[in-house]
Amino acid sequence: MTADLFHVGHINAILKANKLCDKLYIGLLTDKAIKKYKGQLPVIPESQRQCMLITMLNTFGYSIIMQGSINPFKNLKKWKADILFSGDGFTEEEQKAAEKLGIALCEFPYHEGQSTTKIKQRVIKQNYGRK
C-alpha cells in the first residue's frame with residue numbers, strides 16, 4: 001500500500017480485507033519503493049504515512065509492515081500469510097509467485113473517484129486551473 005494521501009478507498013479496502021482474515025498485516029511502501037514504482041516520491045513522507053496508519057489502525061488491531069519493495073512476497077512468506085489483497089490488480093508474475101507459495105489473491109475494485117492520483121489531479125485543477 002502506498003497510502004500517499006490516505007482516503008476512503010484505503011479504509012474500505014482495509015475493512016473488507018480484515019473481514020476475510022484472522023490477522024491483517026498491511027505492507028506500507030517506503031519512499032524509495034514508491035519512487036522506483038511510480039517514478040516520483042510521495043507527497044507525504046513514509047515516517048508521516050506510517051505514523052498516520054499506526055495511529056488510526058492500531059486501534060483496530062492491525063499490524064503495519066514497512067515494505068522496501070513493491071514485491072510483497074518476502075513479507076508474505078515471513079508472516080506466513082495466506083491471502084494477498086490488492087486494489088491495483090495482479091501481474092502475471094505476482095499470480096505465479098502467489099500460486100507457488102500457496103497464497104490466494106483477492107482484488108478489491110477502486111472506490112469510485114478515490115485514488116491518490118485522482119485526488120492530486122483535482123487539487124491541481126482546482127487551485128491552478130490545469131490537469
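**Entry 1: Asn75**

I began with the contacts of Asn75 (contact means heavy atoms within 4.5 Å): leaving aside its neighbours within four places in sequence, Asn75 is in contact with Ile65, Met66 and Gln67. I then noted its place, which is helix H4, residues 73-78. Helices here are DSSP runs of H or I with at least four residues, strands are runs of E with at least two, and both are numbered from the N terminus. Asn75 is buried, because its relative accessible area is 18%. For that label I use under 20% relative accessible area as buried, over 50% as exposed and anything in between as partly exposed, with a 1.4 Å probe and protein chains only.

**Entry 2: ground rules**

A reminder to myself that this is a predicted model, where local features need pLDDT of at least 70, side-chain atom pairs count only at pLDDT 80 or more, and totals for chains, interfaces and linings use all residues. Residues are numbered from 1 along each chain as its sequence is written, and side-chain values use heavy atoms, with hydrogens and water left out.

**Entry 3: salt bridges**

How many salt bridges does the structure hold? I found 2, taking a salt bridge as a side-chain nitrogen of Lys or Arg within 4 Å of a carboxyl oxygen of Asp or Glu.

One of them joins the side chains of Asp31 and Arg49, at 2.9 Å from N to O. This pair links distant parts of the chain, with Asp31 in helix H2 (residues 31-38) and Arg49 in helix H3 (residues 46-57), 18 residues apart. Asp31 and Arg49 are both buried.

The side chains of Lys96 and Glu92 also meet in a salt bridge, at 3.3 Å from N to O. Lys96 and Glu92 are separated by about one helical turn, because they are 4 residues apart in helix H5, residues 92-101. I like the general rule here: an α-helix has 3.6 residues a turn, so residues three or four places apart point the same way. Are Lys96 and Glu92 buried or exposed? Lys96 is exposed, with a relative accessible area of 53%, and Glu92 counts as exposed at 55%.

**Entry 4: more on Arg49**

I went back to Arg49 for its surroundings. Its relative accessible area is 0%, so Arg49 is buried. With the side chain of Asp31, the side chain of Arg49 makes a polar contact at 2.9 Å. (A polar contact is a pair of N or O atoms within 3.5 Å; within protein, one must be able to donate a hydrogen and the other to accept it, and residues adjacent in sequence count only if both atoms are side-chain atoms.) Not counting residues up to four places away in sequence, Arg49 touches a list of residues that includes Thr2, Ala3, Asp4, Leu28, Leu29, Ile34 and Pro42.

**Entry 5: positive phi**

Ala3, one of the residues touched by Arg49, has a phi near 50 degrees, a positive value in a residue other than glycine. Ala3 sits in the segment before H1 and is buried, with a relative accessible area of 2%.

Lys80 also has a positive phi, near 55 degrees, and is likewise a residue other than glycine. I placed Lys80 in the loop between H4 and strand E3 (83-86), and at 72% relative accessibility Lys80 counts as exposed.

Just after H5, Gly102 takes a positive phi of about 70 degrees. While there I checked the cover of H5 and found it hardly covered, with 1 buried residue among its 10 residues.

**Entry 6: cysteines**

How many disulfides does a search of the whole structure find? The count is 0, with a disulfide taken as a pair of cysteine sulfur atoms within 2.5 Å. Cys51 counts as partly exposed, at 46% relative accessibility.

**Entry 7: helix H1**

Ile11 lies in helix H1, residues 8-19, and is partly exposed, with a relative accessible area of 31%. Lys16 is found in helix H1 too, partly exposed at 38%.
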